Amino acid sequence: MPNALLEPVAAGQTRFRMQGLVSDARGIAIGREVLVVLPSIDALVSFLGAYSDEASLDDLVPTMTLEQAQRSGGGHATLIRCGSGDGYAVDRLARLATTARGQLYTGGGAVFVRWREREAPFGYDLAVALQPGRDEVIVADVDFLGRYTTTHRMDPVDLIQRLELRPVPIPLGGVSRDPELCGLKEMALVLVAPALAHRVLRYLWRMEMPMAGYYARLGNDTQSSLLLRLRQPRARALDVLSQVPGIELLAPVSSRAAVEIGWRHPVQLASAQSCLPGDEMFLFRGRAGRVERLDGPPRFVDGRHLVESTVGVRLREIGQMRDGDLEVLRVELRMRPGALAREPRAVVIDWDQVPMLRHLVYMLPPAALAAARIVPLEQGLVVLAAPSALGRATPTGLGAGLLLPIGRRLGEVAPGVLVPDGHELWPRVRPALLRHLLGLQAEDHALYLAPDTDPIRVRPEQLRPLDAAVVGRLALEDAAIVTPDLPAVGVGTIRNQRLSRFALWGFGGLPAGGPRPVGEGEG
Amino acid sequence: MARDLRAFVTEFVVPLLAGADVWVGKPLRPRDRDEWAAELGGTSFPELDFWRLRRGQLLAAHPELPAPDHDELGLWMGLHNLLVFEHPDRQRVWAREVTWRRLEGATRTLLTLPAPEDVPTLVARHLSVGAFVDLMRAEVIVPTAVGEIRMPAREPARRFLRAGGAGREQSVPWLPQNHAPEVERLLEDALRASPLTCLLRPLLAPAGSSPLQAAVMLRERGWARAVCHAWARQKDWMTTGGAVMSALLPSLPRAPAPLPAAAGGAGSAGGVVAALPAAGALLALPGAVVPCDPHDLGAIIASLIHLHLLKVLELDTRVGLALGSREPGVLAFLALPLLLPQLASELGEPVPAVASDATAAPVVRRWTEYVDHLAELVPRSVVENLLATVVGRIVQPA
């Protein structure tokens with residue numbers, strides 16, 4: 001059985017065989033650096049993406065070096081070497097490295113040992129001394145020794161900028177179907193091809209969209225493209241813009257980076273500010289497969305300076321209106337037969353037919369009877385199905401006007417304006433204007449009892465409930481309270497008279513008739 | 001309390017019956033009873049007669065009541081003396097403890113009455129004792145700096161009650177309160193003096209009382225109906241019926257067991273005398289044995305079954321499912337309708353087997369369902385026990 005290369009660190013152990021290994025506050029053996037050994041570049045990207053989701057890469061990048069290494073026994077590996085902070089941060093690195101199919105080691109210089117695990121909660125120390133070769137990194141695990149020789153180094157900033165974007169789906173119905181508008185809800189950057197710049201500006205100006213923009217030369221393009229910034233853009237406009245070839249919508253992911261919608265950078269750029277050096281603006285374009293580096297920070301100009309105004313006329317205020325000229329337009333509101341069928345809202349019952357109403361009242365359903373109102377007039381008794389809704393919610397169900405088969409029916413042409421059935425007011429003015437023309441108050445009704453008569457104004461206090469008017473008054477007899485002849489039997493209440501000090505006088509002496517049983521006696 | 005019959009009747013007896021302020025004062029001596037008994041026969045107390053009648057009408061419309069006699073007067077005086085033991089001024093009375101024991105003995109003498117043999121006497125006893133167990137106690141609550149002080153109400157005191165004058169009065173039921181030991185003992189004597197009260201309020205009945213002592217009432221249809229309705233009015237009718245059965249079953253006299261053969265037995269064969277008598281032999285002399293007439297026992301059982309019927313008619317027969325935890329008396333009470341097939345020949349049927357008209361049909365159906373429900377709930381052993389102990393005493397073998 002081979003000898004173990006590592007031995008677990010004991011609790012409280014402060015001296016280690018491996019140089020550079022110290023114990024932290026929790027007693028965990030930790031070196032100056034950590035080394036993450038990853039099998040491939042893909043695992044490296046996964047590791048960086050996962051780490052940027054949880055923590056900020058800005059803490060890692062300043063001390064991080066990426067190396068492509070060759071293993072002594074054959075094979076390649078990607079090594080991440082960075083300074084180690086506290087044990088908690090290394091724990092997180094170890095967890096993420098395991099997730100990315102890698103392994104984390106701690107140590108310094110050229111020798112690293114395995115990070116702590118369940119069997120060795122305080123970490124590992126070397127069991128035997130190791131001597132690394134030239135340009136060689138040795139990682140010591142429990143049961144094997146890995147020797148890596150660096151072949152070339154990679155710049156992490158360069159790597160992150162060169163990573164290929166990954167497509168993400170856009171909702172089928174367009175950007176507007178996404179409640180977050182694909183990250184464009186607050187602000188959208190629009191990169192417009194040079195040939196489309198004017199048309200897009202015209203469209204957005206016509207839509208009165210708040211915008212700002214400037215022309216930027218991208219890469220080796222001969223003409224400058226237009227970069228627009230839209231604050232809180234409308235979903236409809238984004239839908240239109242996203243479907244136009246030559247226009248790219250970019251969602252800002254940090255103050256200096258924007259990614260085209262429908263694509264995602266493998267690394268959270270918001271947590272990798274240090275990966276975007278300088279003050280340049282980076283546009284990650286997915287469809288074009290390019291990363292545009294704009295010179296300097298974007299200097300947006302307000303949209304009204306980007307458009308050309310071609311309006312040559314000026315608005316002029318009205319000088320004076322001619323009232324008198326409208327006199328020739330004045331027409332008379334007349335009643336004429338109409339073909340439009342309306343639900344009868346009232347009936348006018350002649351007084352000789354009123355006795356029939358008494359019988360018909362029994363047939364009315366309770367809702368219709370409760371809602372019905374009557375107005376006694378000289379021409380007859382008007383039964384309103386209900387006080388007009390007058391613009392409010394209309395009552396449902398059949399009204400008394402429809403249910404009563406007698407009398408002349410009135411239909412409602414405007415709220416509270418009733419005309420004989422089969423007639424209408426001409427010209428057909430607006431209902432509110434009709435009430436205004438008739439001079440009706442808020443709750444008033446106007447009744448045209450006949451086509452050739454003037455309307456009658458009915459005030460709300462003149463409406464009487466039908467049920468209260470027709471139902472005879474009931475006489476109630478007062479209940480006679482009978483006083484019971486005999487007093488009631490109750491429950492007695494104990495009250496105590498004052499006892500004198502000699503209350504038991506007479507109970508103390510011996511009985512006169514001889515001895516008695518114990519506990520019984522009388523004085 | 002003035003040593004005057006009229007004052008005693010006016011201040012104690014009439015308020016006790018009518019429900020007013022019952023004044024408790026100086027204890028009364030048995031010698032007073034003898035003196036007042038003669039006066040009671042010759043003096044008319046119309047108010048007393050009226051309130052006796054009114055309280056009797058709580059049971060029946062036209063109760064037949066005997067004139068107040070020597071025994072009833074002693075009962076009133078005993079009840080009065082019973083309350084003296086809880087008088088708030090008891091501590092200030094100059095008397096030795098032995099004197100209070102003599103007063104207890106004298107009170108027990110007053111309360112010890114012969115068992116009533118007829119219905120009017122039973123009712124007359126119940127008038128006083130029934131009103132007595134319902135008494136309230138007036139208490140004065142005096143707010144002080146350290147909290148409220150409750151004390152029994154008495155005549156206006158000379159000290160701080162009058163000076164403070166801020167005490168409010170409250171009436172609380174007297175019987176459920178904590179009592180002096182003498183009161184606890186005498187209360188049982190008072191209840192034994194009124195078998196009808198023990199029958200109507202079986203939960204208050206003292207140990208040893210039996211419903212057979214008042215069974216003569218249940219043999220009359222009108223009084224039996226009054227008793228059944230009084231039971232049905234009580235809050236927990238099942239507990240009430242169970243208490244009646246609990247009191248009834250132990251009081252049934254045991255059937256005389258055949259004595260073992262004295263000669264030639266196994267115990268004396270070898271010349272060895274057994275230390276204990278053989279099984280079935282009496283270990284001691286029996287106590288007071290209540291005569292158990294089959295008709296009296298049948299009347300009690302029939303009344304309890306009628307209580308079931310009343311509750312079926314009231315739709316109040318929600319018999320709980322936790323019968324396993326119930327007392328044996330309650331189980332025996334619930335098992336009574338299941339004895340009807342055996343008792344019907346003697347006691348009759350509460351409802352006809354077949355409804356005579358449409359009005360009676362729902363009642364018959366509900367009663368049948370109720371009996372079936374009881375048959376599912378009550379253990380069979382309870383029914384068999386009753387068949388062995390009760391049914392045989394009512395239904396005489398042909």
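Two strands count as paired if DSSP finds at least two bridges between them. In this predicted model, strand β14 of chain A, residues 211-216, meets that condition with strand β15 of chain A, residues 225-231, through 6 bridges in an antiparallel arrangement, and within this pairing A:Ala216 stands opposite A:Ser225 of β15(A). Strand β14(A) also pairs in the antiparallel sense with β21(A), residues 301-302, over 2 bridges, where A:Ala212 has A:Asp302 as its bridge partner.

| Strand | Partner strand | Bridges | Sense |
|---|---|---|---|
| β14(A) | β15(A) | 6 bridges | antiparallel |
| β14(A) | β21(A) | 2 bridges | antiparallel |

Between the two chains, 23 residues of chain A are in contact with 48 residues of chain B, and the side of chain A that touches chain B consists, by class, of 9 nonpolar, 9 polar and 5 charged residues.

Within chain B, the axes of helix α3, residues 46-56, and helix α6, residues 119-133, come within 10 Å and cross at roughly 90°, which means that α3(B) is roughly perpendicular to α6(B). The contact involves B:Arg52, B:Arg55 and B:Gly56 from α3(B), together with B:Val123, B:Leu127 and B:Ala131 from α6(B), and by class it comprises 3 nonpolar, 1 polar and 2 charged residues.

Note on methods
Residues numbered from 1 in each chain as written. Chains lettered and ligands numbered in written order. Predicted model: local features only at pLDDT ≥ 70, side-chain atom pairs only at ≥ 80, totals over all residues. Helix = DSSP H or I, 4+ residues; strand = E, 2+ residues; numbered from the N terminus. Contact = placed C-beta atoms within 7 Å. Nonpolar A, V, L, I, M, F, W, Y, C, P; charged D, E, K, R; others polar. Axes fitted to C-alpha atoms, helices over the stretch in contact; angles between N-to-C directions. Parallel < 35°, antiparallel > 145°, perpendicular 65-115°, else oblique.
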